[in-house]
Amino acid sequence: MEKLTKSDLDRYDRQIIIEEIGRQGQEKLKNARVTIVGAGGLGSSVSMYLVAAGIGEITIIDGDSVSLSNLNRQILHGESAIGKSKVESAIRRLKDINSDIIIKGICDKVTDDNVLALMADSMAIIDCLDNFLTRFILNRAALKLEIPLFFGACYGFEGRVSVIIPGKTPCLECLLKSIPPPEKVPVLGATPGVIGAIQATEVIKYFIGIKPTLAGKLLLYDGKNNMYETIEISRDPDCRACGTSHGRRNE
Ligand SMILES: [Zn+2]
């Protein structure tokens, strides 16, 4: 277990004085390793807050490069990064925020074939994607590796967040029975800012052990009407990913 340094105590001072965090909590964050899948709108918000908060090691995965139409919401990247890989641009920005963090970048698309190898060393997966096909791949990997999955999604002014703890909560496929067809998703830039910040808060709470969390719940955010609602979600016993008749329990 890595201890806090003098510089850590200074950098994270405002966080350490939060009663629920303290030095112990900060040390837990320093020893956490997470994988962020997607360096877009959600990935921008999540990665910057987690790096700033002192999560010890962060791997960020994205196979795309930066384009002009990304810039309304993907605040990791600026105009000077257009045409460059998102991962390269993300690492440069994140290192500038906090050079004490181990930041690894993987410029690749997550697939059924590579997901387990990519996530094997991680203590948590953070879903910052914009498509459900890859989300379902992450969900099954989280179940197999028995590590939590922090789900986040945006659509226009609206967003969703949930925390999936394998063996304890319903999984993403319990929540969504089928994969919605791919489409160009409308997004107000501030929506992934809000949703990513909530995901980052849940990740920090998970590692420190603060409750209540969104484990087993779905947060519905409606920015247009300024409404937040949290609903309980239930496990589908016939779920193709985690259900007793199909899932890993029979493997
Ligand atoms: Zn399930």
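# A walk through the model

Start by selecting Lys-28, which sits in helix H3 (residues 22-30); helices (H or I, at least four residues) and strands (E, at least two) are DSSP runs numbered from the N terminus. Before you go further, note that this is a predicted model, where local features need pLDDT of at least 70, side-chain atom pairs count only at pLDDT 80 or more, and totals for chains, interfaces and linings use all residues. Residues are numbered from 1 along each chain as its sequence is written, and side-chain values use heavy atoms, with hydrogens and water left out.

**Stop 1: around Lys-28**

Lys-28 is partly exposed, with a relative accessible area of 36%. Here buried means under 20% relative accessible area, exposed over 50%, and partly exposed in between (1.4 Å probe, protein chains only). Now show what surrounds Lys-28: leaving aside neighbours within four places in sequence, Lys-28 is in contact with Met-1, Phe-207 and Ile-208. Contact means heavy atoms within 4.5 Å. For a sense of scale, draw a line to Thr-191, 163 residues apart from Lys-28 along the chain; their C-alpha atoms are separated by 29 Å.

**Stop 2: the cores**

Along with Val-34, Ile-36, Leu-50, Ile-55, Ile-126 and Val-203, Phe-207 is among the residues with the most contacts inside the largest nonpolar core, which has 41 residues. Such a core is a set of buried Ala, Val, Leu, Ile, Met, Phe, Trp, Tyr and Cys residues joined through side-chain atoms within 4.5 Å. Helix H9 (residues 190-208) gives the largest share of this core, 7 residues. Select Leu-50 next: not counting residues up to four places away in sequence, Leu-50 touches Val-34, Ile-36, Ile-55, Ile-58, Ile-126, Ala-200, Val-203 and Ile-204. There is also a second, separate core of 28 residues, including Ala-141, Leu-149, Leu-172 and Ile-233.

**Stop 3: helix H5**

Select residues 86-97, the 12 residues of helix H5. The expected span is 1.5 Å times one less than the number of residues; for H5 that gives 16 Å, and the end C-alpha atoms are 16 Å apart, which agrees. Color Lys-86, Val-87, Ser-89, Ala-90 and Leu-94, the buried residues in H5. They cover an arc of only 160 degrees around the axis, so they lie on the same side of H5; the arc is that of the directions from the helix axis to the C-beta atoms. What covers them includes helix H4 (41-53), strand S2 (57-61) and strand S3 (102-106).

**Stop 4: the zinc ion**

Zoom to the zinc ion, coordinated by the SG atoms of Cys-171, Cys-174, Cys-239 and Cys-242 at 2.2 to 2.3 Å. Along the chain, these donors follow the spacing C-x2-C-x64-C-x2-C. Cys-239 is buried, with a relative accessible area of 1%, and Cys-242 is buried too, at 2%.

**Stop 5: backbone details**

Most residues other than glycine have a negative phi, and most peptide bonds are trans. Here are some exceptions to find. The peptide bond from Lys-211 to Pro-212 is cis, with omega near 0 degrees; Pro-212 is in the loop between H9 and strand S7 (217-222). Glu-146, in the loop between helix H7 (132-145) and strand S5 (149-155), has a positive phi near 55 degrees. Finish at Asn-226, in the loop between S7 and strand S8 (227-232), where phi is positive at about 50 degrees. Glu-146 is exposed, with a relative accessible area of 55%, and Asn-226 is exposed at 63%.

Key. Donors are N, O and S atoms within 2.8 Å of the metal (3.2 Å for Na, K and Ca); water is not among the atoms, so sites may look incomplete.
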